2 protein chains.
Amino acid sequence: MTHDPSRRALLAKTAAVAVSGVAAVGAARAEPLPVPDSNKSLGRPLPPEEYGMPSKYESHVKRRRTDVLVNKQNYSDWSFTPLHQQLGTVTPTGLIYERHHNGVPDINPDQHRFAIHGMVRQPLVFSMSDLMKYPSVSRFHFMECSGNGLTDWLKPAARTVQQTHGLLSCAQWTGIPVSTLLDEAGVSPSATWALAEGGDGSAHARSIPMKKLMEDALIVYAANGEMLRPENGYPLRLFIPGWEGNVSIKWLRRLKLGDQPWHLRSETARYTDPMPDGKWRQFSFEMEAKSVITSPSGSMKIRPGPIEIVGFAWSGKGRVRAVDVTLDGGRTWREAQLEGPVMDKCLTRFRLRWNWTGEPTTIASRCVDSTGYVQPTVADIQKVRAITGFVQHHNGVFPWSINEAGEVKNAIA
Amino acid sequence: MTHDPSRRALLAKTAAVAVSGVAAVGAARAEPLPVPDSNKSLGRPLPPEEYGMPSKYESHVKRRRTDVLVNKQNYSDWSFTPLHQQLGTVTPTGLIYERHHNGVPDINPDQHRFAIHGMVRQPLVFSMSDLMKYPSVSRFHFMECSGNGLTDWLKPAARTVQQTHGLLSCAQWTGIPVSTLLDEAGVSPSATWALAEGGDGSAHARSIPMKKLMEDALIVYAANGEMLRPENGYPLRLFIPGWEGNVSIKWLRRLKLGDQPWHLRSETARYTDPMPDGKWRQFSFEMEAKSVITSPSGSMKIRPGPIEIVGFAWSGKGRVRAVDVTLDGGRTWREAQLEGPVMDKCLTRFRLRWNWTGEPTTIASRCVDSTGYVQPTVADIQKVRAITGFVQHHNGVFPWSINEAGEVKNAIA
């Protein structure tokens with residue numbers, strides 16, 4: 001299907017066909033092309049009311065469970081955003097990635113309650129209609145699973161960028177600053193941590209520092225202009241900008257304030273990082289600067305000639321300042337063009353023109369964020385981390401190899 | 001349904017219920033609330049692949065054909081965005097308003113062609129895969145039908161803000177600057193206008209000044225991260241930022257360059273504005289600064305106490321600089337708070353805290369844009385325009401009346 005944007009790179013950029021080269025169509029004619037059937041027939045009429053859906057010709061654009069890291073069940077599982085098919089920085093709401101610990105609960109918003117308790121002056125319970133009355137804010141932010149890319153450490157097998165980096169999405173999130181509600185409850189001066197718990201079958205919970213909650217965390221009920229989808233936490237979730245997705249607790253039902261972390265299962269058995277000295281690092285919340293080339297990317301095929309290199313960059317620490325691209329396996333780097341608006345903790349698109357000669361090579365991108373942090377290589381990371389099992393926070397420079405036939409493949413696998 | 005955001009204003013802002021006031025729930029308990037059933041059961045498992053949909057509890061959120069201005073057919077018709085339910089500045093893609101002249105055509109993108117011809121050095125024909133290779137840009141812009149609000153001139157009958165202002169949406173549009181393709185075709189120095197024609201059954205077409213096309217117009221194939229929906233022009237449309245929606249030709253199949261406008265049906269019989277001297281104004285493309293309060297708005301009900309006033313403002317001439325709100329029928333105005341990022345030719349959300357005493361009143365908003373233009377009153381517009389029949393470009397200040405019972409109604413009707 002030639003309309004698949006993943007084929008963007010399939011054809012050399014000899015883009016337009018001169019009309020004079022098209023049989024029976026002259027440049028001087030009023031109708032330069034045969035009038036299509038769609039011009040000669042009635043279209044589909046408007047129904048009385050509707051919620052629109054994508055074209056049937058786009059039915060291949062789906063989020064997918066991975067066939068790389070196969071689960072024997074599909075309750076504690078993931079689905080991946082098709083980044084190579086994302087056109088713009090906003091992820092279509094129906095394609096925002098998922099990570100559930102016990103499937104998607106069915107929560108009636110009229111019955112949902114959210115509580116703030118623990119070390120507060122006045123414990124509070126909110127219904128959804130209570131919450132909808134508070135002043136809201138809307139912010140564009142990426143969201144990334146700490147496990148994004150973990151399949152590429154020990155036994156790299158992922159083929160497409162959906163599989164290597166698809167636990168990543170971006171949306172306009174709408175909700176209430178957590179600080180607004182905590183101020184109303186009256187936070188004890190001794191409270192330094194909060195336990196956030198979801199209303200799903202796993203009762204997924206995390207300990208979160210009060211400092212971040214007061215800084216920029218949101219109690220979110222909408223994404224991209226509408227109420228959250230069930231799989232994204234309907235009717236209420238926490239959203240912690242720039243931090244690993246699993247702390248943005250979905251189906252949020254309570255925040256309990258305390259003076260130390262709870263050392264929950266997701267802070268001991270999971271979501272921890274092995275270090276070279278044999279110890280495991282806890283509470284590595286921040287998603288550090290990262291980037292990936294989405295076109296050309298794994299399973300695409302290119303032809304010699306001009307190629308438009310396109311990708312995404314992001315940082316949990318702030319804005320993307322620059323993205324460098326290597327076209328020769330890391331020997332030299334060229335600065336890519338960033339597409340505005342470049343927003344804080346938000347996906348940013350970069351692009352670079354390249355003339356591929358047909359020689360096999362390896363391409364990759366490297367993000368520099370507004371703090372000056374430079375996305376590390378895998379070798380850099382291996383110096384300070386132990387790479388064993390399911391390692392989180394893999395933000396290494398990610399290479400795609402291109403062979404003589406123009407086939408693009410995961411260069412780590 | 002208490003989760004309906006249109007009920008945001010229904011309850012006074014005595015938002016949170018103290019836990020101590022809730023039976024059998026004590027502030028000191030580890031579980032401040034009964035554990036909900038969703039915490040005790042398996043959720044819905046993940047399917048192998050999916051395109052997500054809104055919650056069943058949100059099925060009332062739809063775009064709708066109007067029952068105010070009833071058409072006897074539904075091919076040349078409109079559907080309206082539920083602005084009072086839009087949470088954030090991005091309109092959910094499935095809720096972007098529609099205006100069709102002959103229904104929604106079914107166009108196979110593999111067969112679609114787009115031509116540039118007329119006064120060019122080299123006529124060009126593009127397939128969709130040709131177009132996907134060009135450097136793209138993504139921009140947040142509102143889109144508004146020139147007829148938005150026309151039902152409120154002669155016989156005002158619209159009750160909700162969906163009916164009064166719902167021919168308005170906002171999205172991240174992705175495509176190619178028109179200038180890129182025109183430069184490739186080589187524009188004749190004499191070319192001052194272009195005819196843009198769609199591939200629908202009405203062959204809807206408009207004459208557009210070359211200056212605007214070269215300035216910021218886009219050939220768009222995606223909205224909010226994915227390929228356009230069929231009703232929004234799939235697979236290709238023109239997008240003219242800040243101008244009346246009908247020039248952003250959907251299902252775009254050609255641009256023909258010339259040295260004068262074509263005076264098409266949509267430039268003589270429609271999309272023209274009657275003036276006081278009996279003449280009709282043509283080519284009034286720009287959508288001037290406008291705003292509307294979406295909450296509280298028509299058909300909502302409020303109670304005395306603190307009220308959060310929320311609305312949208314926009315301008316086809318640039319950014320929103322300020323929004324003033326009157327709470328006393330226009331006698332006094334207070335400056336509302338704008339929510340960032342405030343972007344060029346983009347919906348901007350404003351808000352203002354109000355303590356409603358219970359006295360009947362009329363509320364309204366007034367937009368000031370970055371050129372200094374101030375949204376006029378209906379009386380202002382009537383001085384320079386003739387208000388007869390289907391008048392386009394109604395950007396007058398729009399009032400909602402509130403009676404003693406707290407019922408919010410269209411104050412023009």
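**Exercise 1. Find which residue in β3(B) is the bridge partner of Glu50(A).**

Step 1: In this predicted model, look at strand β2 (residues 49-50) of chain A and strand β3 (residues 63-64) of chain B, which pair in the antiparallel sense over 2 bridges. Strands here are DSSP runs (E, at least two residues), numbered from the N terminus, and two of them pair if DSSP finds at least two bridges between them.

Step 2: Now pick out the partner of Glu50(A) in β3(B): Arg63(B).

Before going on, note that residues are numbered from 1 along each chain as its sequence is written, and chains are lettered from A in the order in which they are written. Local features need pLDDT of at least 70, side-chain atom pairs count only at pLDDT 80 or more, totals for interfaces use all residues, and side-chain values use heavy atoms, without hydrogens and water.

**Exercise 2. Work out how many residues each chain brings to the contact.**

Step 1: Take contact as heavy atoms within 4.5 Å. Chain A gives 124 residues and chain B gives 124 residues.

Step 2: Compare the two sides: 100% of the interface residues of chain B are also interface residues in chain A, so the copies meet through the same surface.

**Exercise 3. Count the salt bridges between chain B and chain A, and locate one.**

Step 1: Apply the rule: a side-chain nitrogen of Lys or Arg within 4 Å of a carboxyl oxygen of Asp or Glu. The count is 10.

Step 2: One example joins Glu231(B) to Arg44(A), with the closest N and O atoms 3.8 Å apart.

Technical notes:
Helix = DSSP H or I, 4+ residues; strand = E, 2+ residues; numbered from the N terminus.
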